[in-house]
Amino acid sequence: MREMLTSLKNAVGIALWFVFLTLPLLVVRVNTLNNEIEWRWENLGWIAGVTALLALAWQLSLRWRDRQRDRSVTQDEEEGMVPRATLQTLLDNRVLCRRLLVGAALLAAAFPWLVSTAQNFYHVNVMVSALIFVVLALGLNITVGLAGLLDLGYIAFFAVGAYTYALLSKAFGLGFWTCLPLGGVAGMLFGLALGFPILRLRGDYLAIVTLGFGSITKIVLENWDAVFGGAAGIAGIPRPDLFALVLDGRQKAVYSYYIILALVVLTIFVTVRLKNSRIGRAWMALREDEIACVAMGVDMAATKLSAYALGAFWAGLVGVVFAAHNNFINPDSFTFMDSAMILAMVVLGGMGSILGVIVAALALKLLPEYLRAFAEYRMLVFGTVMVLMMLFRPQGLISNMRRRYAAGTKGGGDRD
Amino acid sequence: MYNDREQAGACLPVFCATFFSAVGQTMDYEYLFELLAGGVIKGSIYALIALGYTMVYGIIQLINFAHGEIYMISAFVAFIVAGVLTMAGHGGLSVLVLAALVAMLYAAAYGYTLERIAYRPLRNAPRLSPLISAIGASIFLMNYVQLAQTPDFLPFPALVPDFEFLEPVARYLSSIDLIILVVTVVTMLALTVLIKYTRIGKAMRATQQDMVMARLVGINVDRVISATFIIGSVLAAIGGVLIGSRTGQINAAIGFMAGIKAFTAAVLGGIGNIPGAVLGGIVLGVAETLGAGYISSAYEDVFAFGLLVLILIVRPAGLLGKAVRQKV
Amino acid sequence: MTEQAKLLDVSGLTMDFGGLRAIDSVNLEIRTGEIVALIGPNGAGKTTFFNCVTGIYTPTAGDVSICPPGGKPLRINGLKPNRITALGMARTFQNIRLFPGMTVLENVMIGRHCRTKASIVDAIVRGPATAREEQETVDTSYCLLERVGLADAADDFARNLSYGAQRRLEIARALATEPFLLLLDEPAAGMNPQETRELDELIVRIRDEERLAILLIEHDMKLVMNISDRIYVMEYGKEIATGTPEEIKGNPRVIEAYLGEDAHA
């Protein structure tokens with residue numbers, strides 16, 4: 001009871017503090033056009049009420065978190081959302097897992113036909129955009145999640161792929177399917193070029209340099225009108241072709257959907273293979289302790305470069321799909337916000353966890369689409385979610401699952 | 001082996017000599033001086049913001065991504081206060097000063113709150129967590145201001161009268177420029193005095209060198225860190241008010257760019273190093289303005305980023321910093 | 001009698017950090033089958049010595065050469081640590097540096113990295129040769145865990161192990177690189193007498209079974225005197241004595257350096 005009272009007092013105090021804090025910005029609006037001031041006092045009421053409630057909830061949840069921490073025996077127990085045992089048994093149950101996967105696969109395959117008509121294929125397009133970001137997140141998952149190389153300029157590789165297709169198709173008339181691997185290779189080369197000078201950097205400095213690279217790329221794209229079309233971008237980019245068949249609007253959308261779906265499957269497959277391999281373990285060791293890793297015989301330069309290159313490859317690859325799907329690209333699609341969003345998908349999903357990253361990517365892309373009512377607050381919520389996740393669940397949705405190897409028999413790892 | 005300081009000091013005159021002799025006699029010196037003056041002014045603003053970055057990084061090894069937003073918020077608060085007062089009929093320098101004071105107060109409040117909510121709980125978390133939190137806070141604050149006020153540009157009232165004594169050099173130095181220089185110098189001096197001679201300054205230096213030990217000798221580390229954030233935010237506020245006055249307009253997006261550039265300045269000078277932040281700011285401002293003036297103004301930001309990338313690759317310790325060897 | 005091949009030959013090693021001379025003209029050699037100890041008061045430069053020899057630092061002066069059994073001597077100054085490990089010299093760390101977020105088994109499997117060769121493409125395609133290599137890696141790692149008594153903990157996260165177990169894991173990981181020379185940096189630090197005795201036996205057993213030589217830094221005099229064939233003593237970056245345990249025990253210079261410490265344990 002005593003605790004409750006202090007919590008309430010704190011809540012009121014915090015509410016008053018926030019009222020003070022937001023007073024000028026939320027209450028006063030200076031209109032220089034008509035030379036008048038708009039006083040929105042009702043906002044004060046909102047702030048006071050909402051923050052008081054939030055502060056209360058906050059204190060209670062902080063106390064809950066500390067109690068949880070004391071209770072858990074090992075750090076493994078902190079899986080969080082679903083109690084560890086349940087999640088583990090769920091994934092251990094091979095039969096159940098297989099059934100769920102098959103179900104998901106069928107749903108994914110049938111999806112475009114279920115949600116669209118010949119005139120309205122809006123949902124298919126939304127899903128294509130979302131899946132593009134799923135691949136982006138999975139690609140960054142390799143660089144950041146597995147190898148621990150913080151990249152805040154990842155979107156640059158995406159841009160490289162997109163502009164490669166745009167320019168090649170305009171200049172040489174190359175088709176989508178020819179450009180698809182080319183875009184991936186272009187991204188990969190760009191990744192190698194950028195990765196090479198920054199091999200020695202770690203942590204924060206690495207983050208800032210990659211941020212710098214990403215920003216430089218965008219500025220160059222915006223200003224080099226002759227080559228990249230400047231701020232106006234490049235239009236009239238051809239859609240993916242299917243043996244010179246003529247497709248209507250809906251069919252084109254569905255075609256794009258299947259292409260990106262295939263890429264998602266491919267990315268998942270490759271990532272799973274890589275995670276449970278010699279190079280995957282080297283990446284993880286690099287992330288955990290670079291010095292020890294090198295001392296154990298891992299070539300730091302080659303391993304880091306391979307992580308950058310592979311991550312950049314996927315970005316370049318889907319860049320081509322993005323350009324083809326939208327028919328038009330401009331530098332506004334390749335901002336720091338986008339890099340931050342992809343990074344958020346990886347971190348919030350759980351670094352290195354494929355399933356977690358996919359869920360986070362879909363959530364971060366689909367929710368704003370379907371909660372249009374709150375569109376204004378989208379970025380606000382995004383920022384808040386990032387902070388809250390770090391405070392309450394820094395390991396992400398699905399954290400490091402134990403991998404098991406069987407000695408003597410055919411060794412295999414868990415899906416995650 | 002050179003002393004780092006000597007090395008940096010030696011570079012500057014060499015650079016200047018080569019630059020001037022190479023460019024030749026037929027050069028437009030007036031233009032050059034104009035650019036240099038502009039660069040130094042810009043650099044002063046960067047320096048003010050960079051100080052906040054460098055102090056926070058020095059003490060808790062965190063890049064406070066949201067620092068640029070504090071700068072932006074200060075500009076807005078000053079704008080609002082100035083707006084209210086001008087509409088009530090007042091004007092002139094006193095309004096500016098009052099607006100600045102209020103902005104500084106709010107910056108301190110926002111900085112303090114930011115640290116309490118987004119960083120303090122993560123003090124012992126792995127390095128990635130506070131960084132993500134900082135990015136999230138930065139996004140939150142920018143959008144908060146955009147929603148609460150407007151995403152458009154707002155005109156900052158002209159409150160600075162033209163000083164008559166500046167007539168002859170008005171081309172290079174306007175009244176607001178002079179104010180910026182004076183304020184910056186005064187602030188630097190005040191900060192130096194604070195760090196060197198006051199109790200809180202000593203506590204900050206101690207905490208920066210060894211947090212555990214500082215705690216053991218009785219320093220309230222939490223309070224020291226809060227103080228660091230507050231001081232840094234106040235400095236950023238000064239910068240925000242000044243830039244609003246100088247450019248005549250503010251916008252919710254100015255925080256991001258200014259933040260990145262100020263961070264570049266801090267790294268350039270040597271992160272954690274206070275005189276370094278000032279030097280870095282000036283160097284960055286001048287380099288950027290010269291590049292924009294002589295090569296291309298569209299690529300102005302590229303020069304800043306390019307300088308950042310170059311410094312981090314070639315000399316991560318910065319101009320005045322000392323390379324710290326990691327103990328194996 | 002043929003002279004035993006020098007697996008590690010260090011002569012005149014000097015290491016400066018700016019104005020500070022951390023190591024001053026140190027000579028050291030290790031021959032086949034030896035257990036050699038490097039002792040000295042804290043700050044003598046022992047770990048710095050390790051770091052110079054294993055490639056983490058490039059020595060300011062002097063020569064470091066290794067000679068794999070049946071091979072030719074090779075000067076390794078300035079080579080990267082992973083090259084040196086691949087050549088056959090592995091180490092453990094004074095402040096344990098495991099991979100905390102990976103399992104115990106995976107920690108050991110990293111040690112196999114330089115002895116396997118699957119590339120990215122191999123990993124994706126995963127043909128029969130790659131699958132076989134993977135299985136071998138798993139099996140070898142399990143064996144090593146059994147050797148150090150950690151087989152039961154194979155699937156636990158490394159950070160959850162007890163301190164003594166973590167030290168043993170570091171040794172297993174180093175062994176996975178198939179070294180001919182093993183450098184142990186304070187392997188017994190923080191262990192109780194029982195654990196130290198077990199470590200004692202483990203080190204000797206490793207030397208005998210794996211046929212490698214061992215260089216260890218240690219403060220536990222009992223362990224050092226028990227198992228070392230020869231001892232080098234460092235103080236303030238200089239080598240002040242070398243010899244058999246008996247010789248070192250009675251050396252007045254050594255006793256003086258350790259004033260206050262029980263050198264006759």
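# Exercises on a predicted model

Strand β3 (residues 35-39) of chain C runs parallel to β9(C), and four bridges join the pair. This is a predicted model, in which local features need pLDDT of at least 70 and side-chain atom pairs count only at pLDDT 80 or more, while totals for chains, interfaces and linings use all residues. Residues are numbered from 1 along each chain as its sequence is written, and chains are lettered from A and ligands numbered from 1 in the order in which they are written.

## Exercise 1

Follow β9(C) through its pairings and place it in its sheet.

Step 1. Strands are DSSP runs of E with at least two residues, helices are runs of H or I with at least four, and both are numbered from the N terminus. Two strands pair if DSSP finds at least two bridges between them.

Step 2. Strand β9 (residues 230-235) of chain C pairs with β10(C) in the antiparallel sense over five bridges. Another position in this pairing is M234(C), which faces E239(C) of β10(C).

Step 3. Two residues lie between β9(C) and β10(C), which form a hairpin; in the turn, Y236(C) has a positive phi of about 50°.

Step 4. The open sheet of chain C has six strands in the order β6-β7-β8-β3-β9-β10, with mixed pairing. Its edge strands, β6 (89-91) and β10 (238-243) of chain C, each pair on one side only. Neighbouring strands are turned by 20° against each other on average, direction ignored.

## Exercise 2

Describe how domain 1 of chain C meets domain 2 of chain C.

Step 1. The assignment gives domain 1 (1-88 + 179-265) and domain 2 (96-178) for chain C; such bounds come from an automatic or database domain assignment. Taken over C-alpha atoms, the two centres are 26 Å apart.

Step 2. Residues are in contact if their C-beta atoms, placed from the backbone, lie within 7 Å. Domain 1 of chain C brings 13 residues to the contact and domain 2 of chain C ten.

Step 3. On the domain 1 side, α2 (81-87), β7 (181-185) and α7 (193-210) of chain C each supply at least two residues. The largest share, four residues, comes from α7(C).

Step 4. That side has eight nonpolar, three polar and two charged residues. Nonpolar means Ala, Val, Leu, Ile, Met, Phe, Trp, Tyr, Cys and Pro, charged means Asp, Glu, Lys and Arg, and the others, Gly among them, are polar.

## Exercise 3

Classify the packing of α3(B) against α4(B).

Step 1. The axes of helix α3 (residues 67-87) and helix α4 (residues 93-119) of chain B come within 8 Å and cross at roughly 140°. Axes are lines fitted to C-alpha atoms, for helices over the stretch in contact, and angles run from 0 to 180 degrees between N-to-C directions.

Step 2. α3(B) and α4(B) are therefore oblique to each other (under 35 degrees is roughly parallel, over 145 roughly antiparallel, 65 to 115 roughly perpendicular, and the rest oblique).

Step 3. The contact includes I70(B), I73(B) and V77(B) of α3(B) and V95(B), L96(B) and Y106(B) of α4(B). Its residues divide into 17 nonpolar, three polar and no charged.

How values were computed: Contact = placed C-beta atoms within 7 Å.
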